[in-house]
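Here are my notes on the model you asked me to look over. Please read them with the coordinates open.

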Amino acid sequence: MNKKLDKLESIEAHLKHVDHDITELKHSLSYMHDTTEELKLKQTSYDDILLKNEEKIGSLEKLASTLKEELIDLRARSMRSNLMFYNLPENDEEDPEKVVSEVLEKINSEFKKMEIERVHRIGKKRLGSVRPIVAKFLRFKDKELIRKNSKKLKGTNIGISEQYPKEIAEERKKLYPIMKEARQNGSKAVMIRDKLYINDQRYFPTR
């Protein structure tokens, strides 16, 4: 009988330990559950913040791109009455306006009377190289008349072109060979600023 009682007490004691372990385990699981839920909430919060930041970055990049395009457009508009003159001998005592006037006279003696608002060499002076001259004409129509008649300088070393911001000039440089090839193939090809149109359809270069 005593043996049975001892065995029963032993079982009860063991059950108490088991109950204690179960209780501790439940507390541990409850803590883990609460911690997991907290982490989920934090993760959701972090995901929301990340998404908002990505959207904000996207909006800022779009705004920056728009502002850059507007800036380039404003610079291009400020240059609309400008012409670049190339391969004109340079010396320290020169008068750039007089140099340009002499070129205009070669095209048409009447062009010498056209009023120039500003004129100067551009770029850093380098030994063995000749810097171009940029001239801003008082009247846009005068600038256009000179540009359209600049082909009369064919056979000389003098070149005339419109002035554009660097970004537009670089794009035109890429498109020029394509325009030239299209014309050689009999297509109508026209470049307007940094856009090329072939047979009245805008050409989009493959990237």
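The points below go from the basis of the model to its fold, then to its surface and salt bridges.

1. Basis. The model is predicted, so local features require pLDDT of at least 70 and side-chain atom pairs pLDDT 80 or more, while totals for chains, interfaces and linings use all residues. Residues are numbered from 1 along each chain as its sequence is written, and side-chain values use heavy atoms, without hydrogens and water.

2. Overall make-up. The protein has four helices and seven strands, taken as DSSP runs (H or I, at least four residues, for helices; E, at least two, for strands) and numbered from the N terminus. Their order along the sequence is α-β-α-β-β-α-β-α-β-β-β. Of the 207 residues, 25% count as buried (under 20% relative accessible area; exposed is over 50%, partly exposed in between; 1.4 Å probe, protein chains only).

3. Sheet. Four strands form an open sheet in the order β2-β3-β1-β4, with antiparallel pairing (two strands pair if DSSP finds at least two bridges between them). β2 (116-121) and β4 (159-162) are at the edges with a single partner strand each, so one side of each has no neighbour in the sheet. Strands β1 (residues 82-86) and β3 (residues 133-137) are joined by four bridges; F85 has I133 as its bridge partner in β3.

4. Helix on the sheet. Helix α2 (residues 96-107) lies across β1, β2, β3 and β4 and runs at about 110 degrees to β2. Axes are lines fitted to C-alpha atoms, for helices over the stretch in contact (heavy atoms within 4.5 Å), and angles run from 0 to 180 degrees between N-to-C directions.

5. Nonpolar patch. L60, L63 and L67 make a nonpolar surface patch with about 280 Å² of accessible area together. Patch members have over 30% relative accessible area and no salt bridge; nonpolar side chains (Val, Leu, Ile, Met, Phe, Trp, Tyr) are joined within 5 Å, like charges within 9 Å. Areas come from the Shrake-Rupley method with a 1.4 Å probe, and for residues only the protein chains shown count as cover. L63 belongs to helix α1 (residues 2-78) and is partly exposed at 46%.

6. Salt bridges. The count is 16 (a side-chain nitrogen of Lys or Arg within 4 Å of a carboxyl oxygen of Asp or Glu). K188 and D200 meet at 3.2 Å, N to O. K188 lies in the loop between α4 (166-184) and β5 (189-192) and D200 in the loop between β6 (195-198) and β7 (201-203), so this pair ties together parts 12 residues apart in sequence. K188 is partly exposed at 47%, whereas D200 is exposed at 57%. K143, E144, R147 and E162 are linked in a salt-bridge network.
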